[in-house]
Every structure is written in structure tokens, then in C-alpha cells.
Amino acid sequence: MTTASVSGSRERELWRLLGEVNDPELDEPVTEMGFVERAEVASDGSVEVDFRLPTYWCSPNFAFLMLDGVRKALDRLSWSPVYRVTLHDHMFAEEVNSGMEAGRSFGDIFGELAGDLDLGTLRETFAMKAFKRRQEAVLLSLRQCGLPDQEILGMDLVAYDATQFGADEAAKQKARYRAALMERFSARRTDDPVFLTWEGQKIPVSALGAHLAELRGVRINMEFNGALCRGLKHTRYKELDVVDGEPTLVDFIMDRVPVEPAPNI
């Protein structure tokens with residue numbers, strides 16, 4: 001294999017694995033959100049990743065979770081390279097970058113600032129939201145295909161895997177919902193029902209409408225936050241200045257655009 005083909009293969013693998021890292025709050029790939037601004041494989045095989053978030057004050061625990069996901073993705077690269085991940089333009093960038101490079105935990109990096117924050121609980125909250133958003137997409141698609149509610153709710157893994165979805169959101173979420181289901185309920189058999197509540201309860205046919213209404217609320221909140229993040233990042237970085245001959249992104253949004261908190265839907 002030529003050097004060029006090796007390099008191209010490694011670049012594709014790098015971006016594929018980075019694409020599996022999600023913004024924990026939004027359940028969307030950090031690559032699609034535009035947070036990975038540069039990811040390159042050098043001639044010696046080492047890897048550099050530049051990471052930017054929508055605002056200077058983005059929650060440090062969210063930043064840590066995403067960068068920890070990036071670090072784990074890079075650890076899975078087939079050629080085991082030396083790598084460096086750099087968070088830019090964030091109020092805790094220096095602390096996060098040095099701490100991540102040293103392999104330190106969130107509590108080690110932020111010390112007293114971390115307080116009694118339990119990242120495990122936070123991860124579970126985000127996993128719950130992702131589970132519900134993915135489940136809604138496939139449930140709605142199955143309904144749109146004309147399947148009766150009783151058949152949908154009685155579907156097992158074998159039937160689920162055999163079901164074909166169109167080229168829409170449901171097709172994207174089919175495998176992702178399966179992954180979330182198996183992560184949540186790893187001991188499930190292939191003949192167990194696919195559609196359960198987050199708590200593991202069966203969904204009665206009579207309760208499916210109310211269940212979908214709950215899932216819709218979760219999705220709308222996540223979509224609102226996703227649109228807000230994209231808008232903030234685009235606005236924040238749409239201008240640049242040149243300092244000492246180098247292009248520098250201008251953070252001009254802070255005192256111009258008042259940002260209301262996301263509604264609690």
C-alpha cells in the first residue's frame with residue numbers, strides 16, 4: 001500500500017471514529033455540530049485535533065465529556081498514534097488541555113470547582129434523553145408505515161432488525177436506538193420486546209399516545225438546544241482578525257446577543 005493510500009485510510013478512520021462521539025446533551029455527533037475544526041494525521045502517524053465549542057462559557061463538564069469521548073475515540077485508532085487534542089477559546093481551555101493530556105479525571109482537573117458533581121449521573125441523564133429521542137424516531141416511522149400499535153409494541157429484536165426504514169431520520173436512528181437499547185438492557189434476549197420505557201417497563205397499547213407525547217417533549221428540547229448551539233457557533237466565529245500575521249477568530253457575541261435559557265419543555 002502506498003504512503004498516500006495509507007494516509008487517506010487513516011484520515012477516513014480518524015473522521016469515522018470522531019463521528020461516533022456525540023454532544024452528550026444533544027445526542028448529535030460533534031463532527032456534525034462543527035465542534036471538530038481540524039483533525040489531521042501527520043506524516044509520522046501522529047494525530048492533532050482542534051476543538052471549539054459555541055461559547056466561551058460552555059459548561060466545563062460538557063466540554064470534558066466530549067473531549068473524553070474524543071480521547072477514547074483516538075485510543076481506538078488502529079495504528080495507536082501519539083495524539084494531541086486542543087480545546088480552543090474556552091474559559092477553562094488551559095486547565096482542560098493540560099488535564100486531558102495527563103489523563104486526569106474531571107475532579108482532578110477542576111478540584112473544588114467540581115464540587116459534588118457526579119459525572120456518572122450526568123452521563124445517565126444524557127443517555128436517557130438519547131434513548132428517548134432515538135426511540136421516538138423509529139416509533140413514528142413504524143406508525144407512518146401503517147403498522148398497528150399492537151404489532152409495533154410486540155416487535156422483538158429479530159423483527160426489528162429485519163424492518164426496513166426509508167432514507168429519513170428513522171433510518172439514521174434505527175441502529176442508534178438498538179445500540180442504546182442494548183447498552184441500557186444488555187441482558188435482553190432476541191425475542192424480548194424492543195420498545196420499553198427507560199425504566200424497563202412494557203408500553204401498553206393504550207398508553208402509546210401519552211408515551212409519544214413525552215418523547216416529543218424530550219426531542220423538541222434537544223432540537224432547540226441544538227439549533228441554539230449551531231447558531232451561537234456560526235455567529236461567534238463568522239468574523240476574524242489578523243494578529244501578528246495569523247488569522248484569529250473574533251469572539252464578538254458575548255455583549256451583543258442576549259441568550260435566553262432553553263425552555264423546560
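Colleague: Which residue in β4 is the bridge partner of V41?

Modeller: V47 in β4 is the bridge partner of V41. Keep in mind that this is a predicted model: local features need pLDDT of at least 70, side-chain atom pairs count only at pLDDT 80 or more, and totals for chains, interfaces and linings use all residues. Residues are numbered from 1 along each chain as its sequence is written, and side-chain values use heavy atoms, with hydrogens and water left out.

Colleague: In what sense do β3 and β4 pair, and over how many bridges?

Modeller: Strand β3 (residues 36-41) and strand β4 (residues 47-52) pair in the antiparallel sense, over 5 bridges. Two strands pair if DSSP finds at least two bridges between them. Strands here are DSSP runs of E with at least two residues, helices are runs of H or I with at least four, and both are numbered from the N terminus.

Colleague: How many bridges join β4 to β5?

Modeller: 6 bridges, and the two strands run parallel. E48 stands opposite R84 in β5.

Colleague: How many residues of β4 are buried?

Modeller: 5 of its 6 residues are buried, so β4 is mostly covered. Buried means under 20% relative accessible area, exposed means over 50%, and partly exposed lies in between, with a 1.4 Å probe and protein chains only. Across the protein chain, buried residues make up 43% of the 265 residues.

Colleague: At what angle does α2 cross α5?

Modeller: Roughly 80°, with the axes coming within 12 Å. α2 and α5 are therefore roughly perpendicular to each other. For these labels, 65 to 115 degrees counts as roughly perpendicular, under 35 as roughly parallel, over 145 as roughly antiparallel and the rest as oblique. N61, F62, F64, L65 and D68 of α2 make the contact with L119, L122, R123 and F126 of α5, where contact means heavy atoms within 4.5 Å.

Colleague: What about α5 and α8, how do they cross?

Modeller: The axes of α5 (residues 119-144) and α8 (residues 169-184) come within 8 Å and cross at roughly 135°. That makes α5 and α8 oblique to each other. Residues in this contact include F131, R134 and V138 of α5 and Q173, Y177 and L181 of α8. By class, the contact has 7 nonpolar, 3 polar and 6 charged residues. Ala, Val, Leu, Ile, Met, Phe, Trp, Tyr, Cys and Pro count as nonpolar, Asp, Glu, Lys and Arg as charged, and the others, Gly among them, as polar.

Colleague: Different spot. Which residues of α3 are buried?

Modeller: In α3 (residues 93-101), A93, V96, N97, G99 and M100 are buried. Their cover includes α2, β5 and α4. Just after α3, G103 takes a positive phi of about 75°.

Colleague: Where is I109, and what is it in contact with?

Modeller: I109 is in helix α4 (residues 106-110) and counts as buried at 11% relative accessibility. Leaving aside neighbours within four places in sequence, I109 is in contact with F64, E95, V96, G99, M100 and R104.

Key
Axes fitted to C-alpha atoms, helices over the stretch in contact; angles between N-to-C directions.
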